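Hi,

Here is the structure I promised to pass on to you. Have a look at it first, and then read my notes below.

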Amino acid sequence: MTSLEVIWRTDDRYTSAVRVLNRDIEHNPVGVVYCQTEREVASALSMAAGCAPGVCVRSTGHHVGGRSVVDNALVVDVGRMSTVRLDSQTQVAKVAAGARWRDLDSATCAQGAATTGGTVSTTGVVALGLAGGFEIGRA
């Protein structure tokens with residue numbers, strides 16, 4: 001298992017780690033944890049329970065309202081979990097939490113298949129698939 005990459009407020013990389021798509025919006029989370037596996041996500045959530053009053057999960061950070069980062073929460077970033085596996089028999093894709101449309105397009109095109117969906121290649125597949133590109137709310 002790899003060690004988690006954690007960026008705290010005191011880290012020189014903090015400003016770029018918490019930057020959101022819309023540069024007019026700024027948030028001040030406790031820190032950002034970059035995960036590459038499901039096990040690392042579980043570890044990050046355990047870490048959050050001990051160091052922050054809240055937690056938020058950032059997939060691709062594409063939300064124009066900056067909802068992928070929350071003040072005083074620990075951000076669990078799953079953007080590095082971007083694998084897409086297409087079953088050539090069933091033509092069903094298994095998409096990881098951080099996959100973007102460009103990842104899905106590449107995987108399907110490589111097998112002579114196609115998909116419909118987002119038109120912006122940096123949009124997250126999960127968010128667009130679950131919410132149609134619209135905010136689904138948060139506590």
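Predicted model: local features only at pLDDT ≥ 70, side-chain atom pairs only at ≥ 80, totals over all residues.

Salt bridges with shared partners join Asp11, Arg13, Glu5 and Arg80 into one network.

The side chain of Arg13 meets Glu5 in a salt bridge, at 2.9 Å from N to O. Glu5 is also bridged to Arg80, where the closest N and O atoms are 2.7 Å apart. That pair links distant parts of the chain: Glu5 sits in strand 1 (residues 5-8), while Arg80 lies 75 residues away in the loop between strand 4 (73-77) and strand 5 (84-86).

How exposed are these partners? Glu5 is partly exposed at 25% relative accessibility, Arg13 is partly exposed at 39%, and Arg80 is partly exposed at 40%. The structure holds four salt bridges.

Now for the whole chain. Its secondary structure comes to four helices and six strands, in the order β-α-β-α-β-β-β-β-α-α along the sequence. Of the 139 residues, 35% count as buried. The chain carries 13 positive and 13 negative side chains, and the centres of the two sets lie 1 Å apart.

Enjoy exploring!

Notes
Residues numbered from 1 in each chain as written. Heavy atoms only, no water. Helix = DSSP H or I, 4+ residues; strand = E, 2+ residues; numbered from the N terminus. Buried < 20%, exposed > 50% of the residue type's maximum accessible area, 1.4 Å probe, protein only. Lys, Arg positive; Asp, Glu negative; His and termini not counted. Charge placed at Lys NZ, Arg CZ, Asp CG, Glu CD.
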